[in-house]
Amino acid sequence: MQWADFLANEAATNSLSPEQTAAFVERLKAENSGKSEAKLARELNIGAAALKKRMTDVYDKFAQSYLELANSESRGKLEKLRACLTAKYNGGQNSQPTIKEIHQNIPPAVPFEKFVGREAELQNLHQQLQTSQQVAIVAVAGMGGVGKTELATQYAKQHLQNYQGGVCWLSAQGIDVGIQILRFAQLKFNRIAPDDWELADRLRYCWQNWQQGEVLLVFDDVTDYKKQVQPYLPPESPRFKVLLTTRLGFDKTLPQLPLGVLKPLAAMKLLKSLVDRERLKSEPWVAREICKSLGYLPLALELVGRYLDTMPDLSLEILLKRL
């Protein structure tokens, strides 16, 4: 496990909020060890006081597991936390027990710090899944590019420790969903139902023998709930949670999280995470107009941001004219 992934797991285990997680991960990254708090705050696009407050909350949460943090001066807490986590990461004698492997097939996601403007949606999604067995992330007005799949991916990664029974990612537009479930169970748990059984019986065998713990099933890009999801759902049980992404509005009996475009400030924050900050400062009005012309769509902003990153000499004004 890479250090960044380990930090992400520790953040989820200690129930850090998305804002606390971003501050914690960036502060503890090896390459940031020599950076000042003020510089790191600027990179996170927050004030130094806000960063300090978030890290204080982080120390308080970790103090429940590491008593040395509770009894130390504020100035030494960062290094003590780093030492505790490094010992745990390296399997040290005095560390906490290592985290058991959680089986998952979550697709790649952008780094926490580059996933901006959706903090409230992440919290709402987690709350909905704690009270409902199924939740759908629905695009407002059927719009593509608003980040439905990325929101589901970020949620699955940031809350991985909540799902000790695994996270099974299923593409509704791929091969038969039932076959995808069988393959996951075979590869991750070595659960193999006889080939001569009907698909429904083989799935029932998988559900009955699924690894213990809460489970998250993600059905991505659903266009027909009755055909792509309903036949493959596990038996009703509080431990099975189902998350869907779709451009379509489902029956209102299914809890939904509507997802629209980003707000203007969040769109600028996303662009700043992709493009050199000084470059945007030199043409601030143009940068805002670029966000507006792209309709504040996360996917469009990401594509344009990456394009600008490969064209360091291209002015924002010329890019806006091209758009």
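The entries below go from the whole chain to single residues.

**Entry 1. Ground rules**

I note that this is a predicted model, in which local features need pLDDT of at least 70 and side-chain atom pairs count only at pLDDT 80 or more, while totals for chains, interfaces and linings use all residues. Residues are numbered from 1 along each chain as its sequence is written, and side-chain values use heavy atoms, with hydrogens and water left out.

**Entry 2. The whole chain**

I counted elements as DSSP runs numbered from the N terminus, with helices being H or I of at least four residues and strands being E of at least two. The protein chain has 16 helices and five strands. Its radius of gyration is 22 Å, close to the 20 Å given by the globule rule for 323 residues, so the chain is as compact as a globular protein of that length. That radius is taken over C-alpha atoms, and the rule is 2.2 Å times the number of residues to the power 0.38. Along the principal axes, the C-alpha atoms fill a box of roughly 65 × 60 × 35 Å.

I then looked up burial, where buried means under 20% relative accessible area, exposed over 50%, and partly exposed in between (1.4 Å probe, protein chains only). Of the 323 residues, 47% are buried. For contacts (heavy atoms within 4.5 Å), I took those with a separation of 6 or more; 72% of them join residues 24 or more positions apart.

**Entry 3. Nonpolar cores**

In soluble globular proteins, nonpolar side chains tend to be buried together. I took a nonpolar core as a set of buried Ala, Val, Leu, Ile, Met, Phe, Trp, Tyr and Cys residues joined through side-chain atoms within 4.5 Å. The largest has 26 residues, and those with the most contacts inside it are Ile181, Trp207, Trp210, Leu217, Phe219 and Leu244. Two or more residues each come from strand 1 (134-139), strand 2 (167-171), helix 9 (177-189), helix 10 (199-208), strand 3 (215-220) and strand 4 (240-246). Helix 9 gives the largest share, six residues. Beyond its neighbours within four places in sequence, Ile181 touches Leu170, Leu203, Trp207, Trp210 and Tyr232. A second, separate core has 25 residues, among them Leu40, Ile46, Ala63 and Leu78.

How many residues of strand 3 are buried? I found six of six, so strand 3 is largely enclosed by the rest of the structure. In a regular strand the side chains alternate between the two faces of the sheet. In strand 3, Val215, Leu217 and Phe219 are buried on one side, and Leu216, Val218 and Asp220 on the other.

I counted two strands as paired if DSSP finds at least two bridges between them. Strand 3 runs parallel to strand 2, with five bridges; Cys168 has Leu217 as its bridge partner, and Leu170 has Phe219. Strand 3 also pairs with strand 4 in the parallel sense over five bridges, where Leu216 stands opposite Lys241. In strand 2, four of the five residues are buried, so strand 2 is largely enclosed as well.

Ten of the eleven residues of helix 2 are buried, including Gln20, Glu26 and Arg27. The buried residues of helix 2 pack against helix 1, helix 3 (37-43), helix 4 (48-62), helix 6, helix 7 (119-131) and helix 8 (148-158).

Lys88 belongs to helix 6 (residues 77-89). Is Lys88 buried or exposed? Its relative accessible area is 9%, so I recorded Lys88 as buried. A polar contact of 2.9 Å links the side chains of Lys88 and Glu10. Such a contact is a pair of N or O atoms within 3.5 Å; within protein, one must be able to donate a hydrogen and the other to accept it, and residues adjacent in sequence count only if both atoms are side-chain atoms.

**Entry 4. Cysteines**

With a disulfide set as a pair of cysteine sulfur atoms within 2.5 Å, I found zero disulfides. The closest cysteine sulfur to that of Cys206 is in Cys168, at 9.6 Å, too far for a bond. Cys206 is buried at 1% relative accessibility, and Cys291 is buried at 1%.

**Entry 5. Positive phi**

Ser15 is not a glycine, yet has a positive phi of about 55°. Ser15 lies in the loop between helix 1 (3-13) and helix 2 (18-28) and is exposed, at 51% relative accessible area. Tyr296 also has a positive phi, near 60°, in the loop between helix 14 (284-293) and helix 15 (298-310).
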